[in-house]
Amino acid sequence: MTKNPPRAWQRMLSGRRLDILDPSPLDVEIEDIAHGLARVARWNGQTIGTQPFNVAQHSVVVLDMCMQMKPSWPREWQLAALLHDAPEYVIGDMISPFKAVLGGNYKKVEHGLHRAIHIRFGLPPELPAEVEKLIKKADRACAYFEATQLAGFSVEEAEKLFPVPKKVEPLTLEILSTEESQTLYLQRFAELQ
């Protein structure tokens, strides 16, 4: 008797069924991404306050930091910055130490989702190295501010784990609600279209 393979798709609120192992750009909707990211907690929810700091708000902060570092960046790279963590609307936000343990399979799934998302919104499936590098720099700068302001890290501890942000204004983070983050994410997306 042959066994059916395990289900590898997730039904989204838009009605789309996204195959996690072989994602089609046709099954990617920005409303699903914004909805999901606004409900995914950074730092596994280990942040101060009554609600978590979510990935949608984090993504907007990373976009803003990229624009501080590269004010004349083309819209397509701004969109790539906004979407840098978009696969997490399906697979969640795993903390870096856990991603390292999971290794190749996790990265393969994340990469496939990124490709489908990029194609869906008119970006190249693979970003140029210099674009990836700037987004990563902004992402790590944001992580420094999140660590020291929201996640209980001392400045000394954070400086050992995250590069001290340069070429960005010091940031004071205020956690937005799920609804505010989702709306902000969709507004920024609309501005970049």
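Helices (H or I, at least four residues) and strands (E, at least two) are taken here as DSSP runs, numbered from the N terminus. The model is a predicted one, in which local features need pLDDT of at least 70 and side-chain atom pairs count only at pLDDT 80 or more, while totals for chains, interfaces and linings use all residues. Residues are numbered from 1 along each chain as its sequence is written, and side-chain values use heavy atoms, with hydrogens and water left out.

In one of them, Arg16 and Glu29 meet at 2.8 Å, N to O. Arg16 sits in the loop between strand E1 (9–11) and strand E2 (17–19) and Glu29 in the loop between E2 and helix H1 (30–37), so the pair ties together parts 13 residues apart in sequence. Arg16 and Glu29 also belong to a salt-bridge network with Arg120.

A second pairing joins the side chains of Arg188 and Asp64, at 2.6 Å from N to O. This pair links distant parts of the chain, with Arg188 in helix H9 (residues 178–192) and Asp64 in helix H2 (residues 55–69), 124 residues apart. Arg188 also forms a salt bridge with Glu191, the closest N and O atoms being 3.9 Å apart. Both Glu191 and Arg188 lie in helix H9, three residues apart, about one turn of the helix.

Conventions: Salt bridge = Lys/Arg side-chain N within 4 Å of Asp/Glu carboxyl O.
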